[in-house]
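Good morning, and thank you for coming.

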Number of protein chains: 2
Amino acid sequence: MSSQLYELHPIAKRSGRNDARTEGQHAREAIVQGLMMDTPLLVGGILRHAATVHGRTDIVARTVAGAVHRYTYRDAYARCRRLSAALRSLGVASGDRVGTLAWNTHHHFELFYGVPGIGAVLHTINPRLYDETITYIVNHAQDSWICIDAATLALAERLAPALPSVRGWIYMDPASDLPKTSLTNVHAYEALLAAASHEAEWPEFDERQAATICYTSGTTGAPKGVVYTHRSLVLAALLMSTADMIGVLRSGDSEAAMPIAPLFHANGWFMPFTAPMNGQKLVLPGRHFEAAALGELIDGEGVTAAAAVPTVWFGLADHWHGRGAGPASLRIALVAGSKAPRKLVDELAALGIPVGQVWGMTEVAGLRSTLPPGAATRPAEEQLVWRMRQGRIGYGTELRLLDDDGAELPWDGEAAGHLEARGPCVAAGYYKDAAPSTTGWLSTGDVARIFPDGSIDIVDRSKDVIKSGGEWISSVTVENAALDHPAVLQAAVIGVEHARWQERPLLLAVLRPGMETQTSADDILAHLRTRLASWWVPDAVSFVDELPMTATGKVRKAELRERYGRPPVADGAPAQRAALG
Amino acid sequence: MSSQLYELHPIAKRSGRNDARTEGQHAREAIVQGLMMDTPLLVGGILRHAATVHGRTDIVARTVAGAVHRYTYRDAYARCRRLSAALRSLGVASGDRVGTLAWNTHHHFELFYGVPGIGAVLHTINPRLYDETITYIVNHAQDSWICIDAATLALAERLAPALPSVRGWIYMDPASDLPKTSLTNVHAYEALLAAASHEAEWPEFDERQAATICYTSGTTGAPKGVVYTHRSLVLAALLMSTADMIGVLRSGDSEAAMPIAPLFHANGWFMPFTAPMNGQKLVLPGRHFEAAALGELIDGEGVTAAAAVPTVWFGLADHWHGRGAGPASLRIALVAGSKAPRKLVDELAALGIPVGQVWGMTEVAGLRSTLPPGAATRPAEEQLVWRMRQGRIGYGTELRLLDDDGAELPWDGEAAGHLEARGPCVAAGYYKDAAPSTTGWLSTGDVARIFPDGSIDIVDRSKDVIKSGGEWISSVTVENAALDHPAVLQAAVIGVEHARWQERPLLLAVLRPGMETQTSADDILAHLRTRLASWWVPDAVSFVDELPMTATGKVRKAELRERYGRPPVADGAPAQRAALG
């Protein structure tokens with residue numbers, strides 16, 4: 001079938017045109033490069049925007065001591081540039097790592113701009129890690145300075161002798177509060193700023209330059225450093241700011257955003273960038289993550305969107321139920337870090353607070369799992385289906401599902417597979433670590449289903465999923481079913497080796513105070529049988545006093561597997577109370 | 001003032017650390033490059049996202065003949081890649097320009113992806129330009145193929161002999177409708193797609209490669225080509241999709257977006273990119289810009305956000321007032337191209353449709369002028385103040401105001417100055433034209449005020465502002481005041497040379513049909529005196545039958561100045577009916 005309709009026509013011949021010319025006979029003049037300004041995407045531009053357009057909008061932060069500090073984006077911008085000048089005066093140069101052992105204070109916020117503003121690399125460190133882990137991370141990153149506060153001073157003193165790359169310390173709380181310390185070369189943050197001769201103008205440089213480094217708080221293996229570029233942070237903040245995130249992020253003046261997750265966790269879930277980008281009021285809880293203190297700040301500052309892990313939200317829900325009312329201002333509870341249990345969604349719903357789950361990970365910056373627009377007006381059952389998922393895939397990060405053999409799986413809401421990600425906000429590798437993936441895709445370590453509408457259901461971590469008789473059992477699903485039982489406070493499900501089925505699930509449960517004597521393993525199992533396929537019901541329940549947790553509220557399952565992952569769990573054996581070590 | 005708090009401490013000495021080391025003594029190991037995936041920002045990824053996540057969402061477009069064509073993003077994605085394969089089979093290669101003389105059809109939409117998808121450059125041409133201008137533009141851009149439809153066939157036949165770079169034509173309407181034509185090497189679009197052997201996989205390439213080229217429809221001088229990169233288009237679409245644009249763009253399933261501005265105008269105001277990026281239904285009016293046809297499509301497809309120039313909105317407002325009701329679905333009327341007159345804002349408000357003004361220009365892609373969030377709930381007078389401005393500056397493009405001497409002016413809502421722009425979505429120069437600005441800023445050619453909250457008021461075009469006695473008079477303000485008079489249908493104000501005051505304003509007005517005999521120049525002047533400072537009131541009013549307009553509805557003021565810009569307009573001379581040539 002020829003698609004050419006008409007042959008050479010006399011008029012064209014007269015005009016000297018010749019359609020018999022082949023492609024090569026045309027002098028080709030290609031426009032390969034466009035002609036737009038080559039302005040780099042740099043983190044500093046976000047705060048500059050906030051300072052010029054939203055200059056009077058507040059940043060409110062508790063200090064380590066608990067006082068409320070309040071200033072504007074305009075003030076913060078000036079102080080961040082003064083900080084940059086001070087860092088330079090200390091010899092900090094482009095590419096140098098500046099570490100932080102700090103909580104969610106305004107000083108910590110300032111470091112998010114003052115350090116990358118001059119091309120140095122902000123390295124936020126989780127102070128709740130084991131001493132040896134922090135030592136490993138600082139030595140691996142070769143931090144040149146570390147910023148600390150009253151809450152992390154003792155930790156710093158303990159670790160300092162083993163940190164030879166550290167040239168000095170910056171103490172962010174009032175110098176007058178600093179006790180005699182074993183640390184050397186300690187500078188007071190405020191004195192450094194006061195002594196700085198000027199507010200630095202942030203230079204322009206390649207947007208692929210490193211801006212921040214976060215080590216994954218892995219539950220196994222050595223921590224690995226994800227090195228974010230300015231480009232990736234700006235794009236991540238943009239992706240998380242789109243209208244498609246309407247269920248999650250709202251615009252400017254009408255939003256007060258509060259990252260309850262620590263700022264050292266995956267760039268504070270990008271809120272230090274998304275809030276100023278959109279002119280949102282930013283509320284930071286300092287180190288005060290207790291429910292009462294958080295609740296007071298949410299009420300007092302009219303917080304409309306806050307982000308935390310399920311454990312923190314459970315505490316807040318208890319607090320609000322205790323006083324008989326939720327906060328008037330809060331329009332969405334963003335749940336990330338791990339999947340929101342049904343119980344949490346219900347408890348917050350009873351307070352009038354809808355849940356928005358956000359899936360992401362240190363290696364996948366700014367992935368937007370979004371609620372569908374208009375979700376709030378849909379029937380309750382439909383809303384619940386949505387709220388139990390981790391939202392819908394937004395533009396900017398591609399996802400795919402693979403089976404164990406690497407074949408791609410359909411997005412039918414049925415097939416569960418290994419979730420892989422790709423895009424400009426996805427890690428290409430780890431700092432001084434193994435070579436990056438050769439496939440061009442990052443393996444997220446999650447097992448997920450994707451529905452035809454692009455919504456995601458994270459089934460489990462690949463390493464936590466239980467393989468039983470050739471099929472997968474989601475430990476997360478079984479845990480959430482267990483949490484529905486009124487007596488269960490915390491739950492963890494692990495696979496235990498099994499001769500016939502390869503693995504069988506074991507439930508480790510912490511009971512609510514006062515419920516220990518009136519709750520049996522059989523009660524729990526009977527409850528689970530009403531909610532799960534029979535072969536998903538654990539073979540045993542062990543009650544424990546507590547579960548080992550990471551600083552971000554995740555259960556250390558590797559530790560549990562180490563301890564409980566081998567038999568004896570006889571096929572069909574009665575559930576038993578585990579001996580507690 | 002020393003900021004160092006503590007001197008060297010014995011423990012540190014024991015550990016071998018030495019704070020007297022200078023910076024140079026540390027073996028510096030800089031992290032200059034980050035470790036994120038180097039995935040380029042390419043236009044094709046936007047449609048791929050829509051096809052995978054919003055695959056069932058509709059694109060609805062009128063054909064040139066007026067029929068309604070409906071398909072999904074999934075269908076469109078497949079057809080666009082088939083188009084890419086077809087273009088390659090015609091010899092179109094990376095960097096080649098493919099022109100279009102076309103209206104807002106689904107074929108035109110497909111070209112927005114099928115052409116840049118393979119690295120070729122889409123050149124959208126305004127078919128309403130003068131023949132000589134189109135000839136100039138095509139020869140300047142060296143288009144290799146031009147896509148046409150039934151409405152532009154005659155134009156193409158007329159111009160073809162003067163367009164030696166054009167190797168052939170692609171006819172997008174049904175081949176069966178094509179009359180005998182003088183064009184040579186004409187291919188039918190649908191036949192090309194049917195004959196294509198496959199759906200091309202779009203390759204990855206440098207995001208700074210050219211994707212589209214638009215010539216500015218300048219009212220004076222030779223047209224100039226703005227060459228957009230893939231990077232700039234993707235970023236522009238992202239900037240225009242942020243939550244801060246909440247008053248303008250809404251998310252996904254709940255939005256049906258309709259660019260009434262022609263797709264050849266500044267990338268269709270980016271709606272061909274923002275709609276699929278956010279999963280919005282896209283509604284295209286074909287070539288049917290008459291109020292009745294537009295109104296029918298808005299009602300029938302439930303359009304929620306439409307964008308057009310004031311002239312088109314005036315027509316729609318008349319249409320809706322005529323039938324006694326506005327469209328139920330439309331939640332915002334986006335006005336761009338020129339400033340919305342107060343009269344338009346009022347007329348649409350009376351129909352229950354709020355106006356959102358969007359400032360932008362061909363050279364400044366994706367500048368977001370946004371309504372403040374919550375605007376809709378503010379008192380009417382406050383809302384009006386906002387709606388009469390061109391919104392608030394969003395993240396991603398920096399703006400500044402300069403006086404005639406190049407000194408920067410404050411954002412105090414008072415000082416008016418030349419508006420300059422800078423950012424990754426701003427043109428660095430023009431294709432084969434003068435060297436780019438050495439200041440790093442683009443002169444927009446607009447005179448504006450910026451308020452402390454970052455909102456903008458475009459006062460005038462720099463070349464249209466009237467300089468009288470050393471002060472500026474905004475021609476736009478005087479025009480809008482004239483349009484408030486019930487008899488005035490159209491108005492243009494230009495400066496006329498004046499011995500004493502350098503320039504004085506002259507109002508050229510088109511009266512509404514039937515009002516000619518009952519309206520005098522004195523009536524108009526008396527009306528203006530109640531609305532303007534006395535020295536802003538024109539010295540004369542000339543009634544004309546029509547004003548010369550560009551294809552996008554802008555008055556050709558250069559033409560008016562040429563004709564009316566010299567005296568006699570005596571100081572204080574009575575207004576007169578101009579002799580019409």
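Is B:Tyr113 buried or exposed? The model before us is a predicted one, and in this model B:Tyr113 has a relative accessible area of 0%. Since buried means under 20%, B:Tyr113 is buried.

Let us turn to its partner. B:Phe273 also has a relative accessible area of 0%, and it is buried. A pair of aromatic rings is described by the distance of the centres and the angle of the planes. For B:Tyr113 and B:Phe273, the centres are 5.7 Å apart and the planes are at 75 degrees, an edge-to-face arrangement. This pair links distant parts of the chain: B:Tyr113 belongs to helix H4 of chain B, B:Phe273 belongs to helix H9 (residues 271-277) of chain B, and 160 residues separate them.

How many aromatic pairs are there over all chains? The count comes to 16. Another of them joins B:Trp103 and B:Phe289, again edge-to-face, with 5.8 Å from centre to centre and 65 degrees between the planes. B:Trp103 is in the loop between strand S3 (97-101) and helix H4 (106-114) of chain B, while B:Phe289 is in the loop between strand S11 (281-284) and helix H10 (291-301) of chain B; the pair therefore ties together parts that are 186 residues apart in sequence. B:Trp103, at 8% relative accessibility, counts as buried, and so does B:Phe289, at 17%.

In chain A, ring pairs join A:Phe109, A:Phe112, A:Tyr113 and A:Phe273 into a cluster.

A:Arg81 lies over the face of A:Tyr77, 4.2 Å from the ring centre. In chain B, B:Arg389 lies over the face of B:Phe451, 3.5 Å from the ring centre.

I shall end with a helix in chain A. Which residues of helix H15 (residues 521-529) are buried? They are A:Ala521, A:Ile524, A:Leu525, A:His527 and A:Leu528. These residues are on the same side of H15(A), because they cover an arc of only 160 degrees around the axis. A:Asp522 and A:Arg529, on the other side of H15(A), are exposed.

What do the buried residues of H15(A) pack against? Their contacts are with helix H14 (475-483), strand S23 (488-498), strand S24 (502-511) and strand S25 (540-543) of chain A.

Notes
Residues are numbered from 1 along each chain as its sequence is written. Chains are lettered from A and ligands numbered from 1 in the order in which they are written. This is a predicted model: local features need pLDDT of at least 70, side-chain atom pairs count only at pLDDT 80 or more; totals for chains, interfaces and linings use all residues. Side-chain values use heavy atoms; hydrogens and water are left out. Buried means under 20% relative accessible area, exposed over 50%, partly exposed in between (1.4 Å probe, protein chains only). Helices (H or I, at least four residues) and strands (E, at least two) are DSSP runs, numbered from the N terminus. The arc is that of the directions from the helix axis to the C-beta atoms. Contact means heavy atoms within 4.5 Å. Rings of Phe, Tyr and Trp (its six-membered ring) pair if their centres lie within 6.5 Å; planes under 30 degrees apart count as stacked, over 60 as edge-to-face and the rest as tilted. A charge sits over a ring if NZ of Lys or CZ of Arg is within 6 Å of the ring centre and within 35 degrees of the ring normal.
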